[in-house]
Amino acid sequence: DAVAIALFLGIILLVDFAFSLLYPKNYGQVAVYVKFLSIIILLLPYRLLNSVILAEGKSQNFMKALIGPVIMMVIVTPIIYYFSDVRTAIIFSTLAYIPSIPMSWYYSQKFVKLTMIRELPMLGISILAALIMIFTA
């Protein structure tokens, strides 16, 4: 979790500088969207649980865990884009994985010891980061 937070903060703090060094000025606006997409890094520990499920060899459990994110990306994100803006839709799409977290926990608990008290703060940090970006960017 600490590595994911460090990477997220590194991207947030250094992306503007990196884009100014590597790209022409007309690409500067892309750095804003990279910041939005960096929320995905905060959810990386949860996404790794799906690898555990897949390694178990039960692909049907893997597919069950991904139903929520697919619905969020294919149905809900376009609706948010229609009623809001690109920025909000991008940030929402980074959080689309959240509905699969309970299923991932359930199916991977045979192989990985998980405790809610230890795992939930990262989820809260991810949602808080998304809300801050929606209302301040």
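Val34 is partly exposed, with a relative accessible area of 28% (buried means under 20%, exposed over 50%, and partly exposed in between, using a 1.4 Å probe and protein chains only). The model is predicted, so to speak of a local feature takes a pLDDT of at least 70 and side-chain atom pairs count only at pLDDT 80 or more, while totals for chains, interfaces and linings use all residues. Residues are numbered from 1 along each chain as its sequence is written, and side-chain values use heavy atoms, with hydrogens and water left out.

- Val34 sits in helix H2, residues 30–37 (helices are DSSP runs of H or I with at least four residues, numbered from the N terminus).
- Leaving aside residues up to four places away in sequence, Val34 touches Ile11, Val15 and Phe19 (contact means heavy atoms within 4.5 Å).
- Ile79 is 45 residues from Val34 along the chain, and their C-alpha atoms are 22 Å apart.
- Over in helix H6 you'll find Thr94, which is buried at a relative accessible area of 4%.
- Thr94 touches Phe36, Leu37, Ile39, Ile40 and Leu43, again not counting residues up to four places away in sequence.

**How H5 meets H6**

- Helix H5 (residues 59–83) packs with helix H6 (residues 86–94) at about 155°, and their axes are 8 Å apart (axes are lines fitted to C-alpha atoms over the stretch in contact, and angles run from 0 to 180 degrees between N-to-C directions).
- That makes H5 roughly antiparallel to H6 (over 145 degrees; under 35 counts as roughly parallel, 65 to 115 as roughly perpendicular and the rest as oblique).
- From H5, Met72, Met73, Val76, Thr77, Ile80 and Tyr81 meet Val86, Thr88, Ala89, Phe92 and Ser93 of H6.
- Sorted by class, this contact of H5 with H6 has eight nonpolar, three polar and no charged residues (Ala, Val, Leu, Ile, Met, Phe, Trp, Tyr, Cys and Pro count as nonpolar, Asp, Glu, Lys and Arg as charged, and the others, Gly among them, as polar).

**Aromatic rings**

- The structure holds six aromatic pairs (rings of Phe, Tyr and Trp, the last by its six-membered ring, pair if their centres lie within 6.5 Å; planes under 30 degrees apart count as stacked, over 60 as edge-to-face and the rest as tilted).
- One of them is the tilted pair of Tyr23 and Tyr27, at 5.9 Å centre to centre and 45° between the planes.
- Tyr82 and Phe83 form an edge-to-face pair, with ring centres 5.0 Å apart and planes at 85°.
- Tyr82 counts as exposed at 66% relative accessibility, and Phe83 counts as exposed at 67%.
- Ring pairs also link Phe19, Tyr23 and Tyr27 into a cluster.

Note on methods:
Helices (H or I, at least four residues) and strands (E, at least two) are DSSP runs, numbered from the N terminus.
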